[in-house]
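Student: I am new to this structure. Please show me how to read its features.

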Amino acid sequence: MIQLLFLVLIAEGIVALLLMVKIGPLRELVMKGLDQVKMGKGPATVKTIAGTMSVILLSSVTSILKIQNKGAKLGTMTPMDQVLWRTHLLETSLMGFSLFLGFLIDRMHHYLQKLNRLRGTAGASKEEFEKLQKERSQLKEKEEQASKEIKLLQEQISILREDLKKLNLEAKEKDKKIETAEAHVTSLQKQAADLLLEYDRLLEDNQNFQTQALGFRG
């Protein structure tokens, strides 16, 4: 029994050491082994073993207390009682340490699992963050490009507005020239009409003079 407990303690100590100190791939192997133990009927078996050891531990503690009480009543312990007392004390100590190491291994395995999940989540979050940063830089580049295009379009619009203003001014100047030309043509037409009237009047006066001249000659 004691030899078995020593073997269990050594095995548990090695497992706890491998969980606490990362030595190559040994921690991952131990984690996988504990994962397998906690699958299926493993947890029930472990609980059964732990319960059995707890019952034996309580029995050993009871035996120690009985031997101590017997020795206290007699004033001394017989050699056989001393051997039994030491045996039960050793068994109790070994079982107590074994149960404590088992609980410690279970908690370490639990928290290492959480740590691995958190690392996985952190890795995924880091990848997502890097992806978002990349998309942000791409959007920033597109925004800068769009800003440059907008500035170029604004410059072109300004040039077109200037050209439109020039065309409007030229059109107004041409309209003024056309109005001036039309007014000049109207004035010329009026002058031509007046000249024609004057010419007709002069022809009529000339004819009258010729008629009068002929009358004087006759």
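Tutor: Start with helices. Helices (H or I, at least four residues) and strands (E, at least two) are DSSP runs, numbered from the N terminus. Leu17, for one, has its place in helix 1. This is a predicted model, where local features need pLDDT of at least 70, side-chain atom pairs count only at pLDDT 80 or more, and totals for chains, interfaces and linings use all residues. Residues are numbered from 1 along each chain as its sequence is written, and side-chain values use heavy atoms, with hydrogens and water left out.

Student: Is Leu17 buried or exposed, or partly exposed?

Tutor: Buried means under 20% relative accessible area, exposed over 50%, and partly exposed in between (1.4 Å probe, protein chains only). Leu17 counts as partly exposed because its relative accessibility is 44%. Helix 1 also has buried residues: Leu5, Leu9, Glu12, Ala16, Leu18 and Leu19.

Student: What span should helix 1 have?

Tutor: The expected span of a helix is 1.5 Å times one less than its number of residues. Helix 1 has 19 residues, so it should span 27 Å. Its end C-alpha atoms are 26 Å apart, which agrees.

Student: What about helix 3?

Tutor: Helix 3 covers residues 42–74. Its 33 residues should span 48 Å, and its end C-alpha atoms are 48 Å apart, which agrees. Its buried residues are Gly42, Met53, Leu57, Ser60, Ile64, Ile67 and Gly71. Just after helix 3, Gly75 takes a positive phi of about 90°.

Student: Which residues make up the largest nonpolar core?

Tutor: A nonpolar core is a set of buried Ala, Val, Leu, Ile, Met, Phe, Trp, Tyr and Cys residues joined through side-chain atoms within 4.5 Å. The largest here has nine: Ala16, Leu18, Leu19, Val30, Met31, Leu34, Ile105, Met108 and Leu112. Helix 1 (2–20), helix 2 (26–37) and helix 4 (79–217) each supply at least two residues of this core. A second, separate core has seven residues, including Leu5, Leu9, Leu57 and Met95.

Student: Which residues does Leu19 touch?

Tutor: Contact means heavy atoms within 4.5 Å. Leave aside neighbours within four places in sequence. Leu19 is then in contact with Arg27, Val30, Met31, Leu34, Ile105, Met108, His109 and Leu112.

Student: Where does Ser98 lie, and is Ser98 buried or exposed?

Tutor: Ser98 lies in helix 4. Ser98 is buried, because its relative accessible area is 2%. Leaving aside neighbours within four places in sequence, Ser98 is in contact with Val8, Leu9, Glu12 and Met53.
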